[in-house]
Amino acid sequence: MTSSPARSPRRMTPEARRAQLVSAALDLYGSRSPDEVAVEDVTRVADVSRALFYRYFSGVEELHVAALGSVADELIARVALAGEGPLEEQLAAALDVFLDVVQRHARAYVALLRSGSVVSTGETDALVDGVRDHIVDLLCVRGGVPEPEPLQLMTLRGWVALVEGSVLAWLEAGRVPDRAGLRDWLVEQLFAMLEVTARRS
């Protein structure tokens with residue numbers, strides 16, 4: 001005899017219920033882009049009513065911001081530089097973590113970065129800026145330049161833009177080259193860019 005699917009617990013804390021709905025949205029992003037996800041899809045996956053959904057979110061747009069925000073928060077929480085060992089190795093390890101998160105949430109990441117996306121708003125733009133600022137701050141601290149010169153700051157921000165654009169292209173091109181090749185190329189690009197900037201100092 002086949003048992004029926006487990007239903008969502010009737011009683012959950014508001015925080016747990018909100019997290020459940022965000023998790024359902026992220027699960028759906030695994031098979032479709034965020035702009036293809038509707039309230040009905042989320043309530044079906046979370047096994048809750050529409051009325052309950054609207055207790056926590058004003059609509060699917062607010063849920064998208066919360067779900068995409070959780071991806072940005074994970075990037076900020078997990079991407080770090082160890083502070084010891086060669087900077088190249090620290091950077092490669094940080095990029096590995098970055099790519100781990102991006103691969104797991106590929107469609108959500110693409111939606112975050114695509115300015116023309118249906119889910120792109122001022123709020124999602126702010127989420128992306130938070131990740132960018134976090135990475136630049138890490139590079140400044142670990143590189144020993146907590147107050148970078150204008151050209152140094154331009155270089156670091158330019159490299160972050162290169163990472164974003166390259167990862168988007170990599171996801172859309174079937175993840176070619178292989179991940180290790182992409183990671184190593186990005187590390188080499190940063191040091192090449194910093195070398196050019198140093199010659200201008």
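Q: A crossing is left-handed if the near helix is turned anticlockwise from the far one by less than a right angle, and right-handed if clockwise. Which crossing does α7 make as it passes α8?
A: α7 passes α8 in a right-handed crossing. This is a predicted model, where local features need pLDDT of at least 70 and side-chain atom pairs count only at pLDDT 80 or more, while totals for chains, interfaces and linings use all residues. Residues are numbered from 1 along each chain as its sequence is written, and side-chain values use heavy atoms, with hydrogens and water left out.

Q: OK, and at what angle do α7 and α8 pack?
A: About 125°, and their axes are 10 Å apart. Axes here are lines fitted to C-alpha atoms, over the stretch in contact for helices, with angles from 0 to 180 degrees between N-to-C directions. So α7 and α8 are oblique to each other; under 35 degrees would be roughly parallel, over 145 roughly antiparallel, 65 to 115 roughly perpendicular, and the rest is oblique.

Q: Which residues make that contact?
A: On the α7 side, Val128, Arg132, Asp133, Ile135, Val136, Leu139 and Cys140; on the α8 side, Leu153, Leu156, Arg157, Trp159, Val160 and Glu164. Contact means heavy atoms within 4.5 Å. By class, the α7 and α8 contact has nine nonpolar, no polar and four charged residues. Ala, Val, Leu, Ile, Met, Phe, Trp, Tyr, Cys and Pro count as nonpolar, Asp, Glu, Lys and Arg as charged, and the others, Gly among them, as polar.

Q: Stepping back, how many helices and strands are there?
A: Nine helices and zero strands in the protein chain. Both are DSSP runs numbered from the N terminus: helices are H or I with at least four residues, strands are E with at least two.

Q: What about α5 and α9, how do they pack?
A: α5 (residues 87–104) and α9 (residues 179–200) sit at an angle of about 130°, axes 10 Å apart. That crossing is right-handed. The residues touching include Leu91, Leu95 and Leu99 of α5, and Leu182, Leu186 and Leu190 of α9.

Q: New topic: how much space lies in the largest cavity?
A: About 210 Å³, and the structure holds one cavity of 30 Å³ or more. On a 1 Å grid over the protein atoms alone, a cavity is a set of points where a 1.4 Å probe fits but cannot get out, and lining residues have an atom within 4 Å of a point. Points are joined across faces, edges and corners, and the volume is the space filled by probe spheres set on them.

Q: Which residues are closest to the centre of the largest cavity?
A: Of its 22 lining residues, Val79, Phe98, Val131, Ile135 and Val163. The largest share of the lining, seven residues, comes from α7. The lining has 20 nonpolar, no polar and two charged residues.

How values were computed:
On a 1 Å grid over the protein atoms alone, a cavity is a set of points where a 1.4 Å probe fits but cannot get out, and a pocket is an open set with protein on both sides within 12 Å along at least five of seven lines; lining residues have an atom within 4 Å of a point.
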